[in-house]
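Student: I have a new structure to read. Can we go through the terms and test each one against its cut-off?

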Amino acid sequence: MTQLVSVDIGGTHARFAIATVDADGAITLGEPATLHTKDHGSFQLAWQAFAQMNGGTLPKAVSFAVAGPVGGEVIKFTNNPWIIRPAMIEERLGATSFTIVNDFEAVGHAVACADESEFIHLAGPDSPLPPRGTLSVLGPGTGLGVAHVWRDGVKGYHVQATEGGHIDFSPLDLIDDAILARLRKRHNRVSVERVVSGPAIVDIYETLAAMQQTPHVDKTDIEIWTAGTSDSKEDPLAAAAVDRFCLSLGAAAGDYALAQGASGVVIAGGLGYRIRETILKSGFSEKFCAKGRFANMMANLPVKLITHPQPGLFGAAAAYVREHLS
């Protein structure tokens, strides 16, 4: 049995958990602790706070999932001022072995290692994910994470992190054209994540309001998501924006599946999980399959949503096992 500290660091939160790896490689996460990055002047101080929560001592192994590029002498975060210097991890944290992966690469590891019971069906045939071939993985959040996982049908797999969220957005109808026109007023180049991400709901909402010439109250992305997924239906404009988001997510998921030669697709992230019922009721599936001559092929790809409560922490631990214990 091996224990390690699994860490998932984003712009707003840093999540910690003690992971236990059994002799057969099975991973069990302890109770996660979520710290606000703004409350701690450095990662080392946050590490010390987590150590105090666990009696002052932590395992000598650690695996990081970080929201930003990995590699190099200094790892900087996109949306918080922390840095990590890999050469100083042992000195500063007391860890004698470590793994560092991109946050969405960690999600790819989670997809590769999660039990079939931790996926729910979204579209395509309601069958398990194929054990062989490529799985396209995407997750809308603050941005749009994209990766793919190749599995050999036994136990071998490889995760490839990408920057696929930054490919060009391709409008498919007049509403998409209007969304693109609005975004071009602020951005010389409009990527997919400008439309398929949590904050993007504001531009979708504002575009629909302008097209309908509908009086509305300015709302934050959180307010639109809350109103748009509410059973009360008090804000039909917000509901329409969420439905349009689901269509764009379906179209993007189909594009990545085509580009990556996928045999299955997985939607990840907290936002996807929160709107799972809306996705099922929307035109997500139709947009996913609407790829012209390849529509029949797309209809035969299973599309799932991973329901693991902490895929970043679980995936970071799985990446450590892959690097150090396999």
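Tutor: Start with the ground rules. This is a predicted model, in which local features need pLDDT of at least 70, side-chain atom pairs count only at pLDDT 80 or more, and totals for chains, interfaces and linings use all residues. Residues are numbered from 1 along each chain as its sequence is written, and side-chain values use heavy atoms, with hydrogens and water left out.

Student: What makes S63 count as buried?

Tutor: Buried means under 20% relative accessible area, exposed over 50%, and partly exposed in between, with a 1.4 Å probe and protein chains only. S63 has 0% relative accessibility, so S63 counts as buried. S63 lies in strand β5, residues 61-66. Helices (H or I, at least four residues) and strands (E, at least two) are DSSP runs, numbered from the N terminus.

Student: Which residues is S63 in contact with, leaving aside its neighbours within four places in sequence?

Tutor: Contact means heavy atoms within 4.5 Å. On that basis S63 touches L4, V5, S6, V7, T99, A316, A317 and Y320.

Student: Why is A51 called buried?

Tutor: Its relative accessible area is 9%, so A51 is buried. A51 lies in helix α1, residues 43-53. The buried residues of α1 are F43, A46, W47, A49, F50 and A51. They pack against β1 (2-9), β2, β4 (33-36), β5, β7 (83-84) and α2 (89-93). Just after α1, G55 takes a positive phi of about 80°.

Student: How many aromatic pairs does the structure hold?

Tutor: Seven. Rings of Phe, Tyr and Trp (its six-membered ring) pair if their centres lie within 6.5 Å; planes under 30 degrees apart count as stacked, over 60 as edge-to-face, and the rest as tilted. F16 lies in strand β2 (residues 13-21) and F50 in helix α1, so the pair ties together parts that are 34 residues apart in sequence. F16 and F50 are both buried.

Student: Why is the pair of F284 and F288 stacked?

Tutor: The ring centres of F284 and F288 are 6.5 Å apart and the planes are at 10°, so the pair is stacked. Both residues sit in helix α10 (residues 284-289), four residues apart, which means about one helical turn between F284 and F288.

Student: What makes α5 and α6 roughly perpendicular?

Tutor: Axes are lines fitted to C-alpha atoms, for helices over the stretch in contact, and angles run from 0 to 180 degrees between N-to-C directions. Under 35 degrees counts as roughly parallel, over 145 as roughly antiparallel, 65 to 115 as roughly perpendicular, and the rest as oblique. The axes of α5 (residues 201-212) and α6 (residues 221-228) come within 8 Å and cross at roughly 70°. Therefore α5 and α6 are roughly perpendicular to each other. I201, V202 and Y205 in α5 meet D221, I224 and W225 in α6.

Student: How do you know that α6 and α7 are roughly perpendicular too?

Tutor: Helix α7 covers residues 236-260, and α6 and α7 pack at an angle of about 95°, with their axes 7 Å apart. So α6 and α7 are roughly perpendicular to each other. From α6 come I224, W225, A227 and G228; from α7 come A238, A239, V242 and F245.
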